[in-house]
Structure formats: C-alpha cells, structure tokens
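Thanks for asking me to look this one over.

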Amino acid sequence: MNIVPVIISAGMILLVATQFVSVALAVLRKLLWRRSAKCGPDGVTIIKPVCGLENNLRRTLRSSFAIDYPQYELIFCVASPDDPAIPLVRELIASHPAADAHLLIGDDKISQNPKLNNIWKGWRAAKYDWVVISDSNVLVPPAYIDDLRERWSSATSVICSPPVGSDAEGLAAALEAAFLNTYQARWQLVADFLRYGYAQGKTMMLSRRELEHSGGLSILASEVAEDAAATKIARRTGKKVAVVREPFQQPLGRKTWSQVWSRQLRWAQLRRSSFPLAYSAEILTGILPVAILYCILATMDVLAWIGLPLLIVCWYSAEVALAVVYRWPLGLTLILAWILRDILSPLLWLQGLLQRGFTWHGNNMTSLKRSKLKRGVVGSQT
C-alpha cells in the first residue's frame with residue numbers, strides 16, 4: 001500500500017474541514033447569540049487617534065457624535081500640529097456644541113508604536129474609568145458603547161471589534177474587504193466563540209482601573225502593536241478578550257494596490273512578531289494549498305479532475321453564506337477578490353516572514369522588537 005496518497009488525502013481533508021468548520025462556527029455564533037441586558041450608564045471616554053485625511057474621514061468622525069449613550073466624552077488625538085485633519089476635527093467639534101468633545105495636539109515619544117504615542121495624552125486626560133480606543137476610520141453605530149459594554153464581565157479584560165470593510169470602490173478596495181471580512185473577521189469571531197479571543201486595535205474598550213493594576217497604559221508598549229499586548233495581558237492574568245456581536249464597519253472607499261498590500265504586510269509582520277506559532281499556520285489557509293493537494297491526487301489518479309471546480313465552488317459558497325448571515329457586503333467583485341486574496345496570501349505570508357521593518361504613519365519601524373515606554377511631554381490642548 002502506498003502511504004503517500006493517504007497522507008496527502010488526510011492533509012487535504014483537514015484543510016477543507018478547517019474552512020467549513022470555521023465558517024459553521026462563525027455562523028453558529030451569530031445564530032445562538034442572546035443579547036444581554038443593558039449595563040448601567042457609567043461614563044465612557046472615547047479616544048480617537050487621527051492622522052491625515054483618510055477616506056470617508058468626515059463620515060466616520062461625525063458618527064462618533066451620534067452615539068446613543070447618556071454620558072460619554074470624545075477626545076481626538078493628533079500628533080502633528082500640521083496635520084491636515086485638524087481643521088475637520090475642529091469644525092465637527094464646533095458644529096456639535098452640546099458634545100463633550102476635545103482636541104489634543106502633540107506627540108509623546110514614549111514607545112515604538114506611533115498610535116500609542118498619539119493616544120498617551122488622551123489617556124491621561126480621560127475623566128472616566130471606561131475608555132474606548134477607537135480608530136478614526138471606524139464607522140460608529142448609535143449603539144456603539146452599548147454593544148461594547150454588553151460583552152463586559154468580571155472575567156473580561158478587553159472588548160474589541162474587527163473591522164468589516166464596506167463601501168469598497170474598485171478591485172483593490174474589494175481585495176482589502178476580502179482580507180478583512182470573511183477571512184480575518186471570521187477567524188476572530190471563531191476564536192471568540194471558542195473563548196480564546198484576541199484583541200484587534202480598531203476598537204478596544206478597557207477599564208482604566210483594571211489596566212492600572214497590570215501596569216497602566218505603559219504595559220501596552222510591551223509589544224509593537226497595542227492589541228497584541230492587550231491580548232497577552234488578558235491571557236497572563238487569566239482573563240479573556242471578547243468580541244462584539246456585530247463587528248463595526250470601516251468604509252474603505254477607493255484604495256490603491258500599494259495601500260492594500262502595505263497594510264496587510266504590516267499586519268502580517270506584527271502577527272509574526274507577536275504570535276509566531278499562529279502565524280506559521282496561516283500559510284495553510286485559503287484555497288491554494290487545498291487546490292495543490294487536490295491536483296497532486298488527481299495526477300496520481302486518486303481523485304477525478306472534475307471534482308476540483310466543484311470543490312472551489314463549495315469553498316467560496318461557504319464564504320457567501322457567512323457574508324449573507326452577517327449582512328456583510330457581497331457581490332461578484334468581492335467574490336473575485338476572495339479568489340485573488342487566496343492567490344496572493346502565500347506571497348504575503350512569505351514576505352511577512354522574511355521582511356524586517358515597515359513604515360507606519362511616517363515612522364520607520366526598522367525592527368519589531370518590544371518597545372519600552374518612556375516619559376514624554378504631554379501635548380497641548382486646543
């Protein structure tokens with residue numbers, strides 16, 4: 001008996017099962033969800049790091065003023081006094097005089113992470129225990145705070161949400177959505193369902209009091225990415241990271257191929273740096289490894305060639321079902337982007353494995369060593 005076809009078949013079956021089981025678990029999470037009662041109206045501080053005029057920035061920042069919650073403050077943090085987004089932030093604050101909103105300008109060189117440097121002044125100025133670090137390109141729904149606080153419990157350390165790409169214009173932006181939605185968001189939802197969640201920095205809700213017990217905001221500088229640090233803190237302290245029921249949207253607009261690739265490459269490098277074991281398994285995800293194994297078996301006359309297109313159709317039909325259940329954007333362009341994503345993923349994985357360093361908001365990250373927090377000068381308030 002030739003053992004090689006058996007081993008290849010077993011590997012292919014495992015990869016196929018991983019695809020369909022992960023989709024099934026993400027769908028099951030949605031179908032079994034039961035909303036919790038609303039928490040008390042404790043005050044919440046939302047810190048919004050802003051850097052440059054991103055796509056749909058007016059729309060996303062304006063949505064923060066329409067949150068249906070009785071007591072919250074908005075702190076917009078900008079690192080450079082020359083940032084072109086400053087006039088827009090000031091205009092939005094002026095047009096919402098009833099909002100408790102502030103703009104802080106200044107950069108504190110306290111870590112290797114430019115985002116952490118930017119929000120340091122906002123963290124120190126926050127007047128509530130509950131703090132949400134919310135990226136400027138997140139489209140905030142009216143129930144934003146309630147959706148986050150619904151997941152909090154005594155066993156929780158961080159509440160977060162992966163971004164769901166919406167309003168993609170063009171194939172490059174569709175590729176970004178293909179990475180974000182039925183791939184990255186799916187795995188984060190599955191991890192949450194299995195009670196082994198991990199943080200995503202697009203939205204993170206923290207308790208200042210609890211984080212101070214672990215070392216304060218400075219502890220988030222223990223990794224290059226603050227979400228990776230938050231995940232490791234939670235696991236080290238025996239607590240968990242929880243994900244909101246419905247991930248929040250990120251309107252993508254039009255993207256260049258370079259923007260999409262550089263962003264995904266940066267995330268790949270950060271995952272490799274912080275979670276190398278999990279990163280090593282990423283090469284096995286997507287349709288390409290399965291298709292290669294199927295072709296090997298077909299050339300050995302173990303499987304019929306006609307089964308390959310049927311397998312591909314079933315593979316992506318599962319992602320269609322996931323998008324339908326979660327009401328994520330769907331269409332022919334996105335399905336084509338899924339295929340392109342799976343073709344490019346091994347190249348992205350390999351470059352993420354070999355390349356050292358990247359540019360992040362104008363900061364040259366030449367190495368991915370853990371950073372250390374240093375005292376800086378708090379930015380000015382305007």
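1. Ground rules. Please keep in mind that this is a predicted model, in which local features need pLDDT of at least 70, side-chain atom pairs count only at pLDDT 80 or more, and totals for chains, interfaces and linings use all residues. Residues are numbered from 1 along each chain as its sequence is written, and side-chain values use heavy atoms, with hydrogens and water left out.

2. The nonpolar patch. Ile3, Val4, Val6, Ile7, Ile292, Ile296, Met300 and Val302 make a nonpolar surface patch of about 630 Å². Patch residues have over 30% relative accessible area and no salt bridge; nonpolar side chains (Val, Leu, Ile, Met, Phe, Trp, Tyr) are joined within 5 Å, and like charges within 9 Å. The areas come from the Shrake-Rupley method with a 1.4 Å probe, and for residues only the protein chains shown count as cover.

3. Where the patch comes from. Helix H1 (3-31) and helix H11 (287-299) each supply at least two of the patch residues, and H1 has the largest share, with four. Helices (H or I, at least four residues) and strands (E, at least two) are DSSP runs numbered from the N terminus. Ile3 sits in helix H1 and is partly exposed, at a relative accessible area of 49%. For the exposure words, buried means under 20% relative accessible area, exposed means over 50%, and partly exposed is in between (1.4 Å probe, protein chains only).

4. The cavity. How many cavities of 30 Å³ or more does a search of the whole structure find? There is one, and the largest cavity has a volume of about 110 Å³. Of the 14 residues lining the largest cavity, Tyr183, Glu282, Ser345, Leu348 and Trp349 are the closest to its centre. On a 1 Å grid over the protein atoms alone, a cavity is a set of points where a 1.4 Å probe fits but cannot get out, whereas a pocket is an open set with protein on both sides within 12 Å along at least five of seven lines; lining residues have an atom within 4 Å of a point. Grid points are joined across faces, edges and corners, and a volume is the space filled by probe spheres set on the points.

5. The cavity lining. Helix H6 (171-193), helix H9 (257-274) and helix H13 (332-354) each give at least two residues to the lining of the largest cavity; H13 gives the most, with four. By class, this lining has eight nonpolar, four polar and two charged residues. Here Ala, Val, Leu, Ile, Met, Phe, Trp, Tyr, Cys and Pro count as nonpolar, Asp, Glu, Lys and Arg as charged, and the others, Gly among them, as polar.

6. The second largest pocket. This pocket holds about 310 Å³ of space. Of its 18 lining residues, Trp33, Arg151, Asp192, Arg195 and Lys240 are the closest to its centre. H1, H6 and strand E8 (240-243) give two or more residues to the lining, with the largest share, three residues, coming from E8. The lining has seven nonpolar, four polar and seven charged residues.

7. Two backbone angles to look at. Arg195 has a positive phi of about 60° although it is not a glycine; Arg195 is found in the loop between H6 and strand E7 (203-207) and is exposed, at 65% relative accessibility. Asp301 also has a positive phi, near 60°. Asp301 lies in the loop between H11 and helix H12 (307-326) and is exposed, at 70%.

8. The structure holds 21 salt bridges, each a side-chain nitrogen of Lys or Arg within 4 Å of a carboxyl oxygen of Asp or Glu. In one of them, Glu246 pairs with Lys30, with the closest N and O atoms 2.9 Å apart. Glu246 lies in the loop between E8 and strand E9 (249-254) and Lys30 in helix H1, so the pair ties together parts 216 residues apart in sequence. Glu246 and Lys30 are both buried, and a network of salt bridges links Lys30, Arg245, Glu246 and Arg327.

9. Another salt bridge. Lys115 and Glu226 meet in a salt bridge (3.0 Å, N to O). This pair links distant parts of the chain, Lys115 in helix H4 (residues 114-125) and Glu226 in helix H8 (residues 226-236), 111 residues apart. Lys115 is buried, at 10%, and Glu226 is buried, at 4%.
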